Amino acid sequence: MVDSDDAETTSRRSRFDAVHKWAATAAGVVALAFSLYNFAELQKKPEIDLALPHLMRIGLVGKDTHFYLQPTVSTRVKTQDVEVIRDARFQLTPIGSISSSKRPVFYWKEVGTWNFDPAAEWISYRWSGDPAPFLVSQEKPQQPIFLFQADGWSFQPGRYEGSLQLNRSGNHSALTKNFCLVISKKAVDEIRGGASREDIFYWRNDMPKAMSSSEYSGCYVREAEWRGQAE
């Protein structure tokens with residue numbers, strides 16, 4: 001004959017064992033699901049962002065127009081994979097009153113670095129690498145200084161629509177950012193006058209006076225003109 005206290009104790013122990021096994025199984029399932037989720041996230045292809053800088057530089061070397069552009073290429077997603085940017089393309093199209101003028105054909109010439117001389121308060125450009133694919137990961141965002149060149153072409157005063165396109169590896173769609181650029185006659189004369197010295201001139205898309213104008217808001221404009229002084 002089984003004592004009632006022993007029977008009750010055995011029953012409680014059985015219920016405890018059952019609950020414990022259920023809890024352990026549930027914890028295991030949750031842990032497995034969490035591991036699978038992390039694995040899936042790590043295997044995801046990175047989501048790449050392309051952002052244009054507030055400043056771009058323009059110059060004329062001989063008869064060739066140079067555009068210096070330093071975008072930011074980054075990913076927000078933690079992943080073991082890296083993205084390969086295999087090519088960069090730059091386009092500029094005259095619009096409005098100059099839409100019938102010659103459209104430049106730019107190509108990615110190289111990447112470079114900027115050197116600043118504090119004594120002379122002068123910035124100069126120096127080659128640092130050939131146009132080649134580069135990698136982007138969460139731990140290593142990229143800010144390459146692209147030099148795009150259009151052979152035998154120079155500006156006409158007016159408005160231009162432009163785009164920077166980065167082509168990715170595999171079947172991934174290209175990253176593209178559009179912008180507008182306004183060149184005055186004074187700026188054209190400055191660029192042409194500085195060709196022999198390989199001068200570099202600054203354009204910005206965040207000049208307060210330009211941003212308050214519906215005509216120029218969001219466009220890159222000659223920095224010196226919109227702050228009311230010449231460089």
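Biologist: Is Asp206 buried, partly exposed or exposed?

Modeller: This is a predicted model, where local features need pLDDT of at least 70, side-chain atom pairs count only at pLDDT 80 or more, and totals for chains, interfaces and linings use all residues. Residues are numbered from 1 along each chain as its sequence is written, and side-chain values use heavy atoms, without hydrogens and water. Buried means under 20% relative accessible area, exposed over 50%, and partly exposed in between (1.4 Å probe, protein chains only). Asp206 has a relative accessible area of 22%, so Asp206 is partly exposed.

Biologist: Which residue meets Asp206 in a salt bridge?

Modeller: A salt bridge puts a side-chain nitrogen of Lys or Arg within 4 Å of a carboxyl oxygen of Asp or Glu. Here the N to O distance is 2.8 Å, and the partner is Arg204.

Biologist: Is Glu223 buried or exposed?

Modeller: Glu223 pairs with Arg227 in a salt bridge at 3.5 Å, N to O. Arg227 is partly exposed at 34% relative accessibility. Glu223 has 15%, so Glu223 counts as buried.

Biologist: How many salt bridges does the structure hold?

Modeller: Side chains of opposite charge can pair when their charged atoms come close. The structure's total is eight.
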